[in-house]
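Please look at the sequence and the 3D view before reading the notes.

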Amino acid sequence: MKKIVLCVLSAIMCVLFLSCSQTASYEAQANKAYNQSKKAQGYEQKMLEKRAYIFYQRVLKAQPDRQKLNLTFKQRFLEITLNRAYMVLNEGSYDMDAIHLFIEDIDSILTKESPADLRQRYADFLSTMADSCLARPQVDEALKWITKASAIIDNPSSLQEKKKRIISDFTKEYFDIAEAAFEESKANKDPEKAVKAEYYVQLVMVYDANFPGASALLSELRKANVNTYSGYAKVVDGKLDKRVNKFDIFLAITKNAKTAMDVCMFNNSYNPQRLKPENFFLVDDKGQKHVATASSKIEPEILDTQHETKKIKLFFPAVSGTIKKLAYENGEHYTEKILF
């Protein structure tokens with residue numbers, strides 16, 4: 001029995017020794033390629049850096065405990081990986097899989113204790129990633145990269161200023177679009193242009209709720225669009241922002257009296273809607289809900305997907321305050337039409 005135990009222990013020790021020996025061999029080969037790359041140029045340098053990266057990667061995979069990696073390894077691995085990432089970004093595209101793998105590698109090693117120059121290089125790289133996103137334009141992605149970069153360096157003030165500039169440029173551009181679309185709507189009596197303006201001014205306020213003039217313009221647009229569906233996909237090119245394009249059921253109010261409303265509804269959702277008076281309610285300026293009475297007239301009882309009804313007449317109890325919006329809620333489905 002003792003002989004069996006000794007044999008097992010010997011086998012384990014042998015495996016551990018071979019594993020350590022192999023890891024040391026990988027690191028030695030990586031270091032050799034790293035040192036040679038310092039004396040090379042052009043294509044040869046890139047190939048040597050690639051070789052160093054491959055062997056450093058093998059060391060990394062063999063040692064999942066990052067705390068046990070020596071300081072020299074960490075610094076060289078960060079340097080080589082950054083070089084490779086910059087090369088791919090400059091010669092390829094920011095959305096290539098390789099770049100995101102490089103970022104994962106760097107994130108697994110980099111800490112606040114890493115050399116300041118490497119942390120700065122990495123932050124600069126992430127800032128360049130942000131610039132690539134802006135060229136698409138993918139503003140949210142760009143802001144994420146800037147935020148990530150800001151957390152890496154000791155003094156992120158320049159990155160914070162860059163983030164402010166991105167938001168400022170973006171909001172001004174789209175506020176100008178909103179204003180122009182609204183003016184065109186009034187000049188040509190084109191309700192679709194007003195809906196387009198409504199989308200863009202809300203997009204402005206996603207990034208800067210206090211943008212000068214945005215709140216007042218949105219209020220004007222909501223008044224102008226009361227009797228129009230806010231179906232943004234029809235009037236806006238490109239991918240819509242889900243924070244603005246929140247509703248898949250559209251409302252329009254064609255007649256608004258104190259206790260009665262004539263309403264149109266378009267069901268753009270994925271399932272039919274069973275329409276009942278209790279699903280409709282007003283919200284006043286104090287946040288109080290006022291549910292439609294049972295005497296309301298609604299046809300049809302079930303509104304199928306991609307269908308419209310213009311036969312909704314809602315009756316409400318008297319509201320003492322100012323009505324802010326009409327809302328519809330049915331299980332997970334919710335939509336609203338804000339009046340000002």
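The structure is a predicted model. It holds 16 salt bridges.

- Strands of a sheet pair through backbone hydrogen bonds, either parallel or antiparallel.
- S2 and strand S8 (residues 307-315) run antiparallel and are joined by seven bridges.
- Met261 has Leu314 in S8 as its bridge partner.

**Asn267, a residue of strand S2**

- Asn267 belongs to strand S2, which covers residues 260-267.
- Is Asn267 buried or exposed? Asn267 counts as buried because its relative accessibility is 0%, and the cut-off for buried is under 20% relative accessible area.
- The side chain of Asn267 makes a polar contact with the side chain of Ser269, at 2.5 Å.
- The side chain of Asn267 also reaches the backbone oxygen of Asn271, at 3.1 Å.
- Neighbours within four places in sequence left aside, the contacts of Asn267 include Asp248, Ile249, Pro272 and Gln273.
- Leu303, Asp304, Thr305, Gln306 and His307 are also in contact with Asn267.

- Strand S4 (residues 280-284) and strand S9 (residues 323-330) run antiparallel, with five bridges joining them.
- Phe281 stands opposite Ala327 in S9.
- S9 is joined to S10 by six bridges, and these two strands run antiparallel.
- Leu326 stands opposite Lys337 in S10.
- The hairpin of S9 and S10 has two residues between the strands, and Gly331 in this hairpin takes a positive phi near 65°.
- Why is S10 largely enclosed by the rest of the structure? Five of the six residues of S10 are buried, so this strand is largely enclosed.

**Glu27, a charged residue without a salt bridge**

- Glu27 has its place in helix H1 (residues 2-37).
- Glu27 is buried yet has no salt bridge.
- Which side chain of opposite charge is nearest to Glu27? The nearest is Arg76, at 7.3 Å, whereas a salt bridge needs the side-chain nitrogen and carboxyl oxygen within 4 Å.
- The side chain of Glu27 does make a polar contact with the side chain of Asn70, at 3.1 Å.
- With neighbours within four places in sequence left aside, Glu27 is in contact with Val59, Asn70 and Phe73.

**Salt bridges**

- Side chains of opposite charge can pair when their charged atoms come close.
- Glu79 and Lys38 form a salt bridge, and their closest N and O atoms are 2.2 Å apart.
- This pair links distant parts of the chain, with Glu79 in helix H3 (residues 71-91) and Lys38 in the loop between H1 and helix H2 (42-62), 41 residues apart.
- Glu79 is buried, at a relative accessible area of 16%, while Lys38 is partly exposed, at 48%.
- Glu91 and Lys46 form a salt bridge, with the closest N and O atoms 2.5 Å apart.
- This pair also links distant parts of the chain: Glu91 is in helix H3 and Lys46 is in helix H2, 45 residues apart.
- Glu91 is exposed, with a relative accessible area of 55%, and Lys46 is partly exposed, with 30%.
- Lys172 forms a salt bridge with Asp176, and the closest N and O atoms are 3.0 Å apart.
- Both Lys172 and Asp176 lie in helix H7 (residues 157-188), four residues apart, about one turn of the helix.
- Lys172 is partly exposed, at 48% relative accessibility, and Asp176 is partly exposed, with a relative accessible area of 36%.
- A network of salt bridges links Asp140, Asp241 and Arg243.

Methods: Residues are numbered from 1 along each chain as its sequence is written. This is a predicted model: local features need pLDDT of at least 70, side-chain atom pairs count only at pLDDT 80 or more; totals for chains, interfaces and linings use all residues. Side-chain values use heavy atoms; hydrogens and water are left out. Buried means under 20% relative accessible area, exposed over 50%, partly exposed in between (1.4 Å probe, protein chains only). A polar contact is a pair of N or O atoms within 3.5 Å; within protein, one must be able to donate a hydrogen and the other to accept it, and residues adjacent in sequence count only if both atoms are side-chain atoms. Contact means heavy atoms within 4.5 Å. Lys and Arg count as positive and Asp and Glu as negative; His and the chain ends are not counted. Two strands pair if DSSP finds at least two bridges between them.
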